[in-house]
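Here are some exercises to work through with the sequence and the model side by side. Try each task before you read its solution.

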Amino acid sequence: MPELKSQTNPTARALTEAQRRAVHELLRVSPVADDLGRRFAKAGKELHLVGGSVRDALLGRLGDDLDFTTDARPEETLRIIEGWAEAVWTTGQEFGTIGLARRGLRIEVTTFRADAYDRVSRNPIVRYGDNLIDDLRRRDFAVNAMAVSVPGHEFTDPYGGLADLAERVLRTPGAPEESFADDPLRMLRAARFVSQLGFEVAPEVRAAMVAMAGDLSRITAERIRDEFVKLMCGADPVAGLRLLVDTGLGDQFLPELTGLKLEIDEHAQHKDVYEHTLIVVRNAIGHEREGADFTLRMAALMHDVGKPATKAVGPDGGVSFHHHEIVGARLTKQRMRALKFPKDVISDVAELVALHLRFYGYGRGEWTDSAVRRYVTDAGPLLSRLHSLTRSDVTTRNRRKAAQLAADYDALEERIARIAAEEDLARVRPDLDGNAIMELLGVPPGPIVGRAWRYLKDLRLERGPLEHDEAIAELQKWAQAEGITTPGSR
C-alpha cells in the first residue's frame, strides 16, 4: 500500500489509518489471493483485487467474498484456475465473470470491461477492455474504483476513492449524469450505501439523482427490490430512506412513503406521520432479536401507510384514521407484490401491519383471557415480532404516557406467559380433533367437519380448555342448531 506524504493533515491521518486496516485485512486473505495472482502472472496476465473488496478492506470489514479483475478472458481464467480451485461456477461467463471457491473464500474474477449501454434498458453491451484504468472508470462510485494488484500489492486509485472514503462521501468516477444514464440502479445503490456505510452523497450526485429519478423506471422490479432490501437491512436505513424521499427516487417504487408527509398524526405529537414512521423504523432496530430483521423493519415502515386513505376530521377538529391498519395491510400487499417479494414475506409483513393496533385498549382493563388467547393465536409465529413492532410504535414525547404504555405491554406479555404456561397457547386446537368430530356427528370428511372444527376452536379461545364430555356436549348443541342429525339423535 502507498505511503502518504503528509502526516499532519487530518485527512491524511484518516487515510493512513484506513490503509493500516486494509493491510491487516488483506494479510488475512493474501495467502490465497497472492497464490492466485502468481498463477495469473505465470500465464502473463494481471490480477487485481477490486471494487467493494478494496473498499471493505480499507474500512476494516472485508468478508469472505472477494472480487478480482483481470486482462485474461474468461476461457483463459478457466485454464489458469484448473486444478487450483476447489469449485468453479460459470453462470456469469457471458458477462466475463468466473466464480470459484478456495479455502473458505468465494472468489469472482471478471475480465476488464469497457461496456457500452443502450440507455433504454440497463443491460450493457458486453465489451472487454484492455486496461485497469478504463475498467475502474465504469464502476459506480469512486470508493468502489480502487484496486490492489496481487501478488505485488500495488495500489491503484485514479479517481480519488481513498480521499472519498476518508470523507465518507459518494462521488462517481466521471460525471454522475453519465454514470446514472448508463445504469439508473446506481442511484438506488447510492441510497443503499448511505444506509450500510454511513456515507453521504456529494452535492452533484444528489442533484443528478433528483433530475434523473424517473430513469429508475427502466429497472426491473426484482433489481429494485434487491437493492431496497439491502438498504432496509443496513445500519442506518432511516438515512437511506430520507435520501430516497428527498430525491424523488422513492416516488418511483414506494410512493406510499412520500404520501405520509401529507398527514398529521392524530395525537399531534409529531411533525407528520412520515417523521413518526421513521422513528418507528429506528425503534424497531433496537428491538431486533438477532441481526437485521427485514420483515420487522418493513412492517415498521408500512404500518401507517393506510392513514392518508382513512383520514377524517371530527366536529371538534380532531383527526382520526379509523381502520387504517386494515387499509394499510391491503396497500402493503399491493406494493410488495409489485416489487415481486416472495408470498410468505408479503403475508408476514401485511399481517403485522394489520395487527399493530390490536394492543391499544388493553391498559383500560377491557381484555379477557379470551382476548389474550386470540391475540396470541392471530399473531401465531409472528408474536415476537408483533411485540417488537407494538413497542416500537410508542413514540410519544410525553414521558408519563410512554411509561404507562410500556408498563401495560409488560403486563400483557406477563399475562400471555402465564396463560401460555397453563394452556400451551402456541398449539391452541379444539378439544376434539377432526376424527372425533366425524365419529360423533357421523359425517364423512368435508365442509361440515371444517365448520365444526372452527366452532370448537372459537369456543376453546373463548373459554379455555374444556373437559372431554363438555366438548362433546357443545359439539352436539352446535350440530342441533345447524340442523345436523347425529347418530345419537336418530
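**Exercise 1. A helix and its surroundings**

Which residues of H13 are buried? Once you have them, find what they pack against.

*Solution.* Keep in mind that this is a predicted model.

Step 1. Apply the cut-off: buried means under 20% relative accessible area. The residues of H13 that pass are Val273, Tyr274, Glu275, His276, Thr277, Leu278, Val280, Val281 and Ala284.

Step 2. Look for the packing partners. The buried residues of H13 pack against helix H10 (237–247), helix H12 (255–259), H14, helix H15 (307–310) and H19.

Step 3. Check the length. H13 has 14 residues, and its first and last C-alpha atoms span 20 Å, close to the 20 Å expected at 1.5 Å a residue.

Step 4. Inspect the start of H13. There, the backbone nitrogen of tyrosine 274 has a side-chain oxygen of aspartate 272 within 3.2 Å.

**Exercise 2. Salt bridges**

Find the salt-bridge partner of aspartate 293, and work out which parts of the chain the pair ties together.

*Solution.* Step 1. The structure holds 22 salt bridges. In one of them, the side chain of aspartate 293 meets that of arginine 385, at 2.9 Å from N to O.

Step 1. Aspartate 293 sits in the loop between helix H13 (273–286) and helix H14 (294–302), while arginine 385 belongs to helix H19 (residues 383–392), so the pair links parts that are 92 residues apart in sequence.

Step 2. Compare with the accessibility cut-off. Aspartate 293 has 16% relative accessibility and counts as buried; arginine 385, with a relative accessible area of 24%, is partly exposed.

Now repeat the steps for arginine 391: what does its side chain meet in a salt bridge?

*Solution.* Step 1. The partner of arginine 391 is glutamate 413, at 2.8 Å from N to O.

Step 1. Arginine 391 lies in helix H19 and glutamate 413 in helix H20 (residues 399–423), so this pair ties together parts 22 residues apart in sequence.

Step 2. Arginine 391 is partly exposed at 23%, and glutamate 413 is partly exposed at 27%.

Step 3. Look also for shared partners: salt bridges join Asp140, Arg189, Arg192 and Glu227 into one network.

One more pair to look up: are aspartate 304 and lysine 307 buried or exposed?

*Solution.* Their side chains meet in a salt bridge of 3.3 Å, N to O. Both aspartate 304 and lysine 307 are buried.

**Exercise 3. The nonpolar cores**

Which residues have the most contacts inside the largest nonpolar core?

*Solution.* Step 1. The largest nonpolar core has 111 residues, and Phe228 and Leu301 have the most contacts inside it. Helix H7 (residues 185–197) gives the largest share of this core, 8 residues.

Step 1. List the neighbours of leucine 301. Leaving out residues up to four places away in sequence, leucine 301 touches Phe228, Met232, Leu241, Leu254, Leu257, Thr277 and Val281.

Step 2. Look apart from this core for another one: it has 15 residues, among them Leu441, Ala471, Ile472 and Ala479.

**Exercise 4. One threonine**

What does threonine 77 touch?

*Solution.* Step 1. Threonine 77 lies in helix H3 (residues 74–81) and is buried, with a relative accessible area of 1%.

Step 1. Not counting residues up to four places away in sequence, threonine 77 touches Phe40, Thr70, Ala72, Ile98 and Val109.

Technical notes. Residues are numbered from 1 along each chain as its sequence is written. This is a predicted model: local features need pLDDT of at least 70, side-chain atom pairs count only at pLDDT 80 or more; totals for chains, interfaces and linings use all residues. Side-chain values use heavy atoms; hydrogens and water are left out. A salt bridge is a side-chain nitrogen of Lys or Arg within 4 Å of a carboxyl oxygen of Asp or Glu. Helices (H or I, at least four residues) and strands (E, at least two) are DSSP runs, numbered from the N terminus. Buried means under 20% relative accessible area, exposed over 50%, partly exposed in between (1.4 Å probe, protein chains only). A nonpolar core is a set of buried Ala, Val, Leu, Ile, Met, Phe, Trp, Tyr and Cys residues joined through side-chain atoms within 4.5 Å. Contact means heavy atoms within 4.5 Å. The expected span of a helix is 1.5 Å times one less than its number of residues. A polar contact is a pair of N or O atoms within 3.5 Å; within protein, one must be able to donate a hydrogen and the other to accept it, and residues adjacent in sequence count only if both atoms are side-chain atoms.
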